[in-house]
Amino acid sequence: MKKLFLPIIVSLISVVHLYAQDEEENGLQISGSVDTYWKYDFSGYKDGSGISNIPTSFADEQNSISIGMIDVALSQTVGKASLVGEFAFGPRSVKSIPLFQPDGDNDDAYVGIQNLYASYAFSDVFSLTAGYMGTFVGYEVISPVGNFNYSTSYLFTNGPFQNSGIKADFAISDRFAFMVGLFNDWNVYQDFNGISDFGAQLYFVPIEGWNVYLNFVTGSPSGTIIDITTGWQISDDFYLGLNAADYWVTGENAGGYTGVALYPQYAFSDAFEVGVRYEYFKFKEFTDTDLSKISSQNVNTLTLTANLKAGPLTVIPEFRIDGASDDFFYKKSSEITPNSKSASQFLIAAVYAF
Amino acid sequence: MVLISGFISEDYNFPINEQGKYHFSEVVEIPGLDKEQLYENGTSFMKKIKVLNSKKKYLYTDIENLTLKSKGSFMVYKIGSIKKSIAGAVEYNIQLEFKDGKCRYTISSFTFNEYKRNRYGKYEPVKGKHSPLEMEVSSLNKKEWEKHRQVVYEKTQDLIQNLQSDLIQYEEPKTKKSKKNDNW
């Protein structure tokens, strides 16, 4: 038993200091990642740029030790204000962000900004954020640290990557929140036709560990997308994610897509996890530039991925097979038109997060 | 003293209970303060505890049994970063019980909640996944896990220090201000 003796009577001076807070929390946070991979398409196909069959984003270079990107995110919260500035260099970054034309000339400049925004929390419930932000739509993200699989889905590839704009977040409780915002067209630093998209997100937690996001963006010429992204940590070891979306656009570029992807994952230990991604994706019928109708196509994808974690390093071996309703892939490099309904690949990637 | 002697883990002398769980508990004597004053001081202390990135209010007060319960968390960081980068938060339960001149604290149920980078470049808790801090991890991740334990041990010691200094706070009874009497 410990005895504490009263010092000379201390008057009660209330100094509000939260014992959960860390001093570092107000400092500048630096985080990021680097990633590299080797991928082999079993058909041996690659185009003139060395890109292989499966046309989803990133990890697309055939039989080459290739790089993803170096990504650095700076963030800081001081009082009610916070900022995030994230820049990245490398093929994964180039393929995920728009180019920019400074001074209106025709020379594209690489800006390399993934996120650049500032927020102000007016209260515990209400905050306002403005700037260039990763999209709130969809399950997968640009940063390889945020994904379990290294290759990406068709839903991700065809959906928005960024929505810059201004948004109001209302975090009513830990289990319910919503967001509304005005945004530029998808994936642009500057919107030449003015702010033209409206977006909203509804977040709720039906039961502990199960998170549901309902997302909606509409505008012209972007089109309209309705998306559900959900993840359920069913047990400490078993996780199930799901993403489904429907996208349509009218007018000259009428078309769209619809799809669903399932992400069951099992953690055998803290160092070894295995996950499957199954995706069904369908391009809707659309009108080509020569005004001819292109009928819809669909593709089924199965991806088996392992994550081997050693501290900040994750090694990701992955096998993937895609099967399409029509000739969508190539059997070998010399082919000019697609002549295969399936493609398969193996890759191994290393992602280091700091 | 509720500390189970003889069951001290090798790591930073975490006290452990019969179930093998990390468990800090001790009776602290504060002579000169009655249970009501200690309860009041304990309530002020507990109000300063929170789970980071949570809007939930965890404080449970039972004035009849002079017991307070709540939940808090400590941030833990990745090792080897240029600048501290968040690995996760370790949540804990805290309970205070009061008698005249005494307080018993119990800090237990330490669970690690991993933080992951979200699409906006910020770290946030992975929902629904909590790993007990006593859990043994693979050799590949042992170094970082041990570091987390060490940080939690040190921060718990700081928390106990803060509790003790808050408990001995005593508000001096306000003396009546004498009024100048002109009709003397």
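**Note on the predicted model: confidence, cavities, salt bridges and a pocket**

1. Start with confidence. Chain B has a mean pLDDT of 84, and 85% of its residues reach 70 or more. This is a predicted model. One stretch calls for care. Across residues 1–10 of chain B, pLDDT stays under 50. For that stretch the model has 21 contacts beyond four places in sequence.

2. How many cavities of 30 Å³ or more does the whole structure hold? The search finds 2. The largest cavity has about 250 Å³ of space. It is lined by 29 residues. Closest to its centre are A:Thr135, A:Glu140, A:Val141, A:Phe156 and B:Arg119.

3. Look at what builds the lining of the largest cavity. Several elements of chain A each supply at least two residues. They are strands E3 (65–78), E5 (113–121), E11 (223–233), E12 (238–249) and E13 (255–267), along with helix H2 (154–158). By class, the lining has 13 nonpolar, 10 polar and 6 charged residues.

4. The second largest cavity holds about 50 Å³ of space. Its lining includes A:Asp35, A:Tyr37, A:Phe58, A:Arg92 and A:Tyr150. Strand E2 (29–41), strand E3 and helix H1 (91–94) of chain A each give two or more residues to this lining. The classes here are 6 nonpolar, 1 polar and 5 charged.

5. Two residues of that lining, A:Asp35 and A:Arg92, also pair with each other. They form a salt bridge, with the closest N and O atoms 4.0 Å apart. A:Arg92 sits in helix H1 and A:Asp35 in strand E2, 57 residues apart, so the pair links distant parts of the chain. Are these two residues buried or exposed? A:Arg92 has 3% relative accessibility, so it counts as buried. A:Asp35 has 5%, so it is buried too. The cut-off for buried is under 20%.

6. Over all chains, the search finds 18. Side chains of opposite charge can pair when their charged atoms come close. A:Glu273 and A:Lys309 are one such pair, with N and O atoms 3.0 Å apart at the closest. A:Glu273 lies in strand E14 (residues 272–283) of chain A, and A:Lys309 lies in strand E17 (residues 297–310) of chain A. The two are 36 residues apart, and the pair links distant parts of the chain. Both A:Glu273 and A:Lys309 are buried.

7. B:Glu97 meets B:Arg104 in one, at 3.0 Å from N to O. B:Glu97 counts as partly exposed because its relative accessibility is 21%. B:Arg104, at 34%, is also partly exposed. Elsewhere, B:Glu136, B:Lys142, B:Glu146 and B:Arg149 are joined into one network by salt bridges that share partners.

8. Last, an open site. The second largest pocket has about 980 Å³ of space. Which of its 44 lining residues are closest to its centre? They are A:Asp270, A:Glu273, A:Lys309, B:Phe112 and B:Glu114. So the salt-bridge partners of point 6, A:Glu273 and A:Lys309, turn up again here.

9. Chain A gives two or more residues from each of E17, strand E18 (313–324) and strand E19 (342–353). The largest share, 5 residues, comes from E5 of chain B. The lining divides into 21 nonpolar, 11 polar and 12 charged residues.

Key. Residues numbered from 1 in each chain as written. Chains lettered and ligands numbered in written order. Predicted model: local features only at pLDDT ≥ 70, side-chain atom pairs only at ≥ 80, totals over all residues. Heavy atoms only, no water. 1 Å grid on protein atoms, 1.4 Å probe; cavity = no way out; pocket = protein on both sides within 12 Å on 5 of 7 lines; lining within 4 Å. Points joined across faces, edges and corners; volume = space filled by probe spheres on them. Helix = DSSP H or I, 4+ residues; strand = E, 2+ residues; numbered from the N terminus. Nonpolar A, V, L, I, M, F, W, Y, C, P; charged D, E, K, R; others polar. pLDDT = per-residue confidence, 0-100. Contact = heavy atoms within 4.5 Å. Salt bridge = Lys/Arg side-chain N within 4 Å of Asp/Glu carboxyl O. Buried < 20%, exposed > 50% of the residue type's maximum accessible area, 1.4 Å probe, protein only.
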